[in-house]
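Here are some notes for a colleague who is opening this entry for the first time. Please read them with the sequence and the model side by side.

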Amino acid sequence: MPIRFVSDADFARVQYIATYCFPWLHQAQDKMAAYAQKYIKPEYVLGYYDDADILMAAIQMLPFRIMVGGVPLNMGGIAMVSSMPEGRHGGRIADLLKKSLEVMRERGQVVSMLGPFSFEFYRKYGWELGFDRMDYVIPVEHLKAFNHKTGKITAVTEEDIDALNDIYTAYAKKHNGCVIRDRTLWTDFVLDDPFADEYKKYSYLWHYDSGEPGGYIIYTIRDGKMNIYEMIYKGMKALEGLLWFIYAHEAQIEQAKWSTAVDERLHVLLPNPRVDMKLTPGMMFRVVDVNKALIERGYPDDIDEEFSIRITDTSAPWNEGPWHVHIAGGRAQIERTDTASLSCDIQAFSQMFLGYMPAERLAAIGRIEGEASAISAASKAFPPSATFNNNGF
């Protein structure tokens, strides 16, 4: 069989292929090897072998859990999709991606995400744009209005991880797609970075006067710029305290760069809102198992809606239905049916499911078709969300 899970003996070959496809890894080969040894298990890597049993292509399927509708879903993160040039355009990556869908379904990973090298390529296999970022570049003098210190801010220690996670989890429940973080994710990937260069990540926790943690900031400083990896806060007072902290670096930095969720409206708080801000398309998303994903997702408690939907999914035919969907009391009942009041492809369904695009908007641009009442019901079942994920893979 040309596709199988790689063995430990093939990990050096996996690294070789990935380095060939992603040249930036040449500068981090030792770190990559250490990363793979510590975090990547053989059952996470699918390989495509040629007739001589030589590994020619590979993809990684990394297990995560993400928030959707305020509840966790098992997610397969597709990473390091790579192939040697002599085997390209032969359908090997396509076969690996289709096999990965089967494996993720068997493992109960009902949704999947990836960071694309090409949106067009991955759309052919059912993934679709599900995340945008708002990228800010703010001259530090624009923060002068926040020059009055409030609360207390302290450098993060390991004892603060639970406080950080509480703040983050409250945010994640309101932003579909956020990865649920265990202690390893916090210590090794958020507060630190296995591929970090000489520029250290710094982390600070802001507290209200009562001592209650209210927000945090994680950043690096390089070449006169503060690059904010993550800044999350409970309310305006915490945000003002964190903005003061950024402004306190005025002698050290010229600007702060921050890439965050699209519902962040920082510029409207500034005396001069004319700062560089850019909406950037981000990661792709896909529903792997429509039936289980619909059952496991969270929904608004106050709706009672039903509709039927036919989904086209050539890479995962088990998703095609039609499905009758009844949502009430925050839970969904799903069963197969013979007719459908809505129809769409898996890409449009995935965007609707995630809350990235509501059904009414998808219908307006011709991505979903059906009865007006069914479109309205689906829009209520899958309300729009500012999607966000800050854990790369």
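1. Proline 322 sits in the loop that runs between strand E15 (304-312) and strand E16 (323-328), where helices (H or I, at least four residues) and strands (E, at least two) are DSSP runs numbered from the N terminus. The peptide bond that joins glycine 321 to proline 322 is cis, with omega at about 0°. As background, most peptide bonds are trans, and most residues other than glycine have a negative phi.

2. A word on the basis of these notes: this is a predicted model, in which local features need pLDDT of at least 70 and side-chain atom pairs count only at pLDDT 80 or more, while totals for chains, interfaces and linings use all residues. Residues are numbered from 1 along each chain as its sequence is written, and side-chain values use heavy atoms, with hydrogens and water left out.

3. Methionine 80, which belongs to strand E4 (residues 71-83), is a residue other than glycine with a positive phi, near 50°. Methionine 80 counts as partly exposed because its relative accessibility is 23%, given that buried means under 20% relative accessible area, exposed over 50%, and partly exposed in between (1.4 Å probe, protein chains only).

4. Aspartate 223 is not a glycine either, and its phi is positive at about 55°. Aspartate 223 is placed in the loop between strand E10 (213-222) and strand E11 (225-233), and it counts as exposed because its relative accessibility is 60%.

5. Is aspartate 289 buried or exposed? With a relative accessibility of 6%, aspartate 289 counts as buried, and its place is the loop between strand E14 (284-287) and helix H8 (290-296). Leaving aside residues up to four places away in sequence, aspartate 289 touches Arg105, Val110, Trp318 and Asn319, contact meaning heavy atoms within 4.5 Å.

6. Helix H1 (residues 11-21) packs with helix H2 (residues 29-39) at an angle of about 135°, and their axes are 11 Å apart; axes are lines fitted to C-alpha atoms, for helices over the stretch in contact, and angles run from 0 to 180 degrees between N-to-C directions. H1 is therefore oblique to H2, since angles under 35 degrees count as roughly parallel, over 145 as roughly antiparallel, 65 to 115 as roughly perpendicular and the rest as oblique. On the H1 side the contact is made by Phe11, Gln15, Ala18 and Thr19, and on the H2 side by Gln29, Met32, Ala33 and Ala36.
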